[in-house]
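Me: I have a structure open here and want to go through the fold. Can we take it step by step?

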Amino acid sequence: MLLAAMAQKRSSRLSQSAVIKQILRRCSSLGKKSSYNDENRLPLDVPKGHFVVYVGENRSRFIVPISFLGHYEFQCLLRQAEEEFGFDHEMGLTIPCDEAIFLSMTSSIMLRC
């Protein structure tokens with residue numbers, strides 16, 4: 001029984017890891033405008049180790065550290081984003097969340113880091 005529980009936990013971790021890799025791949029392959037670095041197609045204003053998300057009704061743009069992907073709260077937002085928008089579109093990663101809630105959550109994550 002314990003072995004089965006450990007295997008299930010490992011498989012959920014692997015699928016979570018696969019989702020995170022998919023998100024990073026999508027985020028790093030977005031955009032073809034001149035404001036992007038042609039070498040790796042990352043926006044010029046996004047530092048290494050970060051990615052862009054769009055939040056709220058107005059789709060406000062935020063640059064967040066990749067380390068956020070390891071936090072439970074952020075993973076919940078990503079699951080909501082996948083359910084509502086999917087990850088297969090050119091706009092970038094859109095988070096279906098009120099901007100004030102997103103700012104509060106990311107501030108909380110930053111305090112714990």
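Me: How many helices and strands are there in the protein?
Reply: This is a predicted model. The protein has 3 helices and 3 strands.

Me: What pattern do they follow along the sequence?
Reply: The pattern is α-β-β-α-β-α.

Me: In what order do the strands sit in the sheet?
Reply: The order is β2-β1-β3, in an open sheet with mixed pairing.

Me: Which strands stand at the edges?
Reply: β2 (60-65) and β3 (93-95) do. Each has a single partner strand, so one side of each has no neighbour in the sheet. On average, neighbouring strands are turned by 40 degrees against each other, direction ignored.

Me: Do β1 and β3 run parallel or antiparallel, and how many bridges join them?
Reply: Parallel, with 3 bridges between β1 (residues 50-55) and β3. Within that pair, Val 55 stands opposite Ile 95 in β3.

Me: Now the helices. Which strands does α2 touch?
Reply: Helix α2 (residues 72-84) packs on the sheet and touches β1, β2 and β3. Its direction makes about 105 degrees with that of β3.

Me: And which ones does α3 touch?
Reply: Helix α3 (residues 99-112) also packs on the sheet, touching β1 and β2. The direction of α3 makes about 15 degrees with that of β2.

Me: Different topic. What percentage of the residues count as buried?
Reply: 32% of the 113 residues.

Me: What does the accessible surface come to?
Reply: About 7800 Å², and 55% of that belongs to carbon and sulfur atoms.

Me: Last one, on contacts with a separation of 6 or more: what share comes from residues 24 or more positions apart?
Reply: Those residues account for 46% of such contacts in the protein.

Notes. Residues numbered from 1 in each chain as written. Predicted model: local features only at pLDDT ≥ 70, side-chain atom pairs only at ≥ 80, totals over all residues. Heavy atoms only, no water. Helix = DSSP H or I, 4+ residues; strand = E, 2+ residues; numbered from the N terminus. Buried < 20%, exposed > 50% of the residue type's maximum accessible area, 1.4 Å probe, protein only. Contact = heavy atoms within 4.5 Å. Areas by Shrake-Rupley, 256 points an atom, 1.4 Å probe, with all protein chains shown as cover. Pairing = 2+ DSSP bridges. Axes fitted to C-alpha atoms, helices over the stretch in contact; angles between N-to-C directions.
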